[in-house]
Amino acid sequence: MSRVVAASFPLPMRTSRKVLVVIAVLLVVLLWSSRGLANAYTDWLWYEEIGQRSVWTTTLWTKLGLAFGFGLVVLGLVWGNMFLAERRTIDLSALRPEEEIVERYQELMGPFRPMLRLAFSFAFAVIAGTRATRQWQNWLLFRRGGSFDRVDPVFGNDAGFYVFRLPFLSFVIGWLFAILLFVLVLVVLLYYLNGQIRLSRSASTSPEAKLHISVLLAVVALTRSAKYWVDRYELLHLDRRRFTGALATDVNLLIPGFYLLTLISILGAALLLWNIRREGWGLPLIVLGLWLLSHILIVGLLPAFYQSFRVDPQEIQQESEFVDRNISATRFAYGLDESRLSTETFDHADGLTAEDIAGYSDVLDNVPILDPQLASDSFSVLQGEGAFYKFSESLDVDRYMIDGEARPVVLSARGLELSQVDPNWERQRISFTHGYGMAIASGFEVENDRPVLLIDDLAEQVPVDDRLDETFDQPRIYFGEDFGGYSIVGAKADEIDFKSQNDSETNRYDGTGGVDVSSFARQAAFAIRFNEIDPLISQNVEDGSRVILNRDIGTRVRELAPFLRWDSDPHPVLADGEIYWMIDGYTTSNRFPYSQQVNTTLTNSELAGNLNYVRSSVKAVINAYTGETTLYLMDDEDPIIQTWADTYPDLFTDSSAMPGSLQDHLRYPRESFTVQSDMWARYHVSEVEAFIQDVITWSVARQPARAASTDTEDVATQAGAMQAQYLMAKLPGSDAPEFVLQRGFVPRQGEGTTSARPKMQGLMVAQSDPENYGKLISYEVTGNQPNAPELVHSDIQKVDGISDYVSLRSIQGSDVKWGPMSIVMVDDTFVFVRPVYVLGDGQQSLPELRNVIAVNGDRIAMRPTLDAALTAVATGAPATVEDVELDDSQASPEEADEPEPDEPVEPEEQPDQPAEPSTPVEPADPGSYDPSGKSIVELLADADRLLVEADAAEAAGDADLAARRRQESKAAISEASRLLQGQ
């Protein structure tokens, strides 16, 4: 009995060890996968919180389905072929000495081959299945993609085939070809290790090995034939020389060549199968050699020869038909066809008049003179209110109702700067959770050379200027730009709104944003996700606490709709007393047939490359307090967004449901407009011969220099093209101003081009107001074309009074900065407007708007205000205030010897006067100005003088007198306009 006990004792010991090993392995696997499981679980909680669980589940099941489907195929192919290759092994006694490696493999791996075969097949299947999940977007488009109602001219397929189906089809064929090649190599290796292929002096292959390898080779050849068949379609969106799409060489030679290669591959597959009955491998080697030779000739040598000796010598004749397809497809793919863009002629004539100023006062009063880039420094110093708040580096531009009129503003939300907060978990995650408020300044005016703030200050109830038709009830910003990491709200500790003089103003979040973390499991999951133990052990986290994650609005929309490309410049909107963010989402493709690959001046943008189709199809609106995110469909004619809307029916909302308070702040996106205008510079040409010769191509106007120079011969431009600019404009044929985005064109610039005096060739405008949102207009400038912006700036620098002004301030230690140049359409002429800023040499000095320059034709004027500058240009007055004061135009009408309004004052002819008068202009005695009985010339001279007096009065602190003088100036302009109409 004792022997029985002794004999039976080791059994449970061995069993317990096995259990411990299994448990240890499971623990290791659990720990290794815990981060992924925690991320998946918390993602599910986040999608549930924002009401978009279906997005998460649809995407997850799609990825799992692809992983399982492709993994199963790989598992079957690899395991099945390995099993066939290992059914028989050679007798080890028959091996020769030089085949020792085969003997060692059999001895070492023989007993473990079934297990190794399964493990290897499974591992490879997991890898292949995981890689296949990257195709989830292409698979959904393949399944649900529709039609563009646009047929390609080569194969007669709808464009939807190339955009929706071809990407996934090409992937499957290429993937299968690569897997089969891998399996072929693996099978050959196994047959060698099993002794079925012998490479000794009497090389041989067993019948089983030959049959198996021959069938695999035939399948590989058939797969390659399918790849050739699909490669024909790929030619329609590949770059060929200067144009995308199938051109003369492709259509006349390469596509027929792909047909021939397809037949050769099929014939090769048949010969490989026939070789099963033959001895040796001579025939397969011949097939491989013929295939390689055919491929090199058809794909490489013959097309190059045909292109060089047939197409290039007569390019226009050979390529015209195909380039015409490229023009048509490119215009459609970038939204530049007749259905979205209208073309008009702008017959330009120099000569801004008083009548123009009066008739376009609603436009000229709204010309942006506050530089969004330079004003950012003023915002930060005047309204930063603490190191842990920040404004955008470049302020946003929008329009708001001010005194009952839509007028331009610059604005920025006051975001959170966590890098300036103590690196303490509680302060980073619980105390400092949000930004606070925003600053809005008039874009068309300054006061004491500084921005006129309509909303400013940090207060429990943020003050709003009476002129601004808005309320501000909820200034807290929990979701914004560059809001990294996460925060916990509803904790025991209060959250800091802002710091007052002696204390901190605090608040407790009562919004709906965030994921509830009341349970231990949720706290543990977030602790693992963030790799921080604090969410699990902190005493401040209690029932009702919520984790706000994905609070950076860019991250938020990319998590919600990763199949879109997103704009890099969200802009804040104050509407209905709350702050919202608007950000544009784009549908793109790089497979649209014949459309040109993008060539754009964009750099840090998701639209910078790898596309030949783009639509601005979505506006995401995010509530800055609650995080509620709504994706509005802005282009229901875009087949790509229609496909995604069918796939995720709960994700998108029709644009008609957008509240009117938000529609009033729609802006046509600058990034997509930049792409469109960059492409239009070349593709405005519709005549094929001129397009190929590249003789009337435009370039986007170059950016005039921002830093003032004392060297008048200095380069007048910065590197790169002008940014598209938002401003109020009254388009030709329109009676009211509207908010637009515009960009100008000049003759093509670059290598091989010289233009000493470039002229404006065109102006492209995108409308943003709700009733016309998304419409594009291209104006071709004819008549007396104005100078290009860079040339206008060069002329400005040559004006003696202006160059003296810059030089004097440089000597005094100040820095002059040119603001952005605006191109304003006024009736049938262009007026160029550029603000002039002065920045002192102190560390805390702010840019101050001291003057505004207006240019029309060869008339240039710099004045303290835009009104004065425009009046000076209209009257032909001297270029600077100093010249006005020293000129005899201030004398009596009998003694005045002024130039006629239609006589331009050349900048080079201005007297060399000091930069500023030594004493300010003394305003005239108050009194009522009487314009009656005066001539047009006298009235315009009076208007200019009265504006100068108004500026001097304002500088002296007499606001009432300044207002009267401006009113009197307007009266003089109105009387002059009346007299002009009566002539």
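Predicted model: local features only at pLDDT ≥ 70, side-chain atom pairs only at ≥ 80, totals over all residues.
Residues are numbered from 1 along each chain as its sequence is written, and side-chain values use heavy atoms, with hydrogens and water left out. Local features need pLDDT of at least 70, side-chain atom pairs count only at pLDDT 80 or more, and totals for chains, interfaces and linings use all residues.

Strand E35 spans residues 829-839. Helices (H or I, at least four residues) and strands (E, at least two) are DSSP runs, numbered from the N terminus. Ten of the eleven residues of E35 are buried, so the strand is largely enclosed by the rest of the structure. Buried means under 20% relative accessible area, exposed means over 50%, and partly exposed lies in between (1.4 Å probe, protein chains only).

E35 pairs with several strands; two strands pair if DSSP finds at least two bridges between them. Strand E33 (residues 815-818) runs antiparallel to E35 and is joined to it by four bridges. Here Asp 815 stands opposite Leu 839 of E35. Strand E34 (residues 822-826) is also antiparallel to E35, with five bridges. Val 826 has Thr 829 in E35 as its bridge partner. E34 and E35 form a hairpin with two residues between them. In that turn, Asp 827 has a positive phi of about 55°. Seven bridges connect E35 to strand E36 (residues 848-856), again antiparallel. Tyr 837 stands opposite Leu 849 in E36.

A nonpolar surface patch of about 560 Å² is made by Val 19, Leu 20, Ile 23, Leu 27, Leu 30 and Leu 37. Patches are made of residues with over 30% relative accessible area and no salt bridge; like charges are joined within 9 Å, and nonpolar side chains (Val, Leu, Ile, Met, Phe, Trp, Tyr) within 5 Å. Accessible areas come from the Shrake-Rupley method with a 1.4 Å probe; for residues, only the protein chains shown count as cover. Val 19 lies in helix H2 (residues 10-49). Its relative accessible area is 43%, so Val 19 is partly exposed.

Helix H16 covers residues 520-530. Its buried residues are Gln 523, Ala 524, Ala 525, Phe 526, Ala 527, Arg 529 and Phe 530. Asn 531 follows H16 and has a positive phi, near 60°.

Three cavities of 30 Å³ or more are counted. A cavity is a set of points, on a 1 Å grid over the protein atoms alone, where a 1.4 Å probe fits but cannot get out; lining residues have an atom within 4 Å of a point. Grid points are joined across faces, edges and corners, and a volume is the space filled by probe spheres set on the points. The largest cavity has a volume of about 60 Å³. Its lining includes Met 722, Gln 742, Arg 743, Gly 744 and Met 821. Strand E30 (residues 738-747) gives the largest share of this lining, three residues.

The whole structure holds 38 salt bridges. A salt bridge is a side-chain nitrogen of Lys or Arg within 4 Å of a carboxyl oxygen of Asp or Glu. Glu 48 pairs with Arg 53, the closest N and O atoms being 2.4 Å apart. Glu 48 is partly exposed at 31% relative accessible area, and Arg 53 is partly exposed at 37%. Asp 231 forms a salt bridge with Arg 224, with the closest N and O atoms 4.0 Å apart. Both Asp 231 and Arg 224 are buried.

Methods
1 Å grid on protein atoms, 1.4 Å probe; cavity = no way out; pocket = protein on both sides within 12 Å on 5 of 7 lines; lining within 4 Å.
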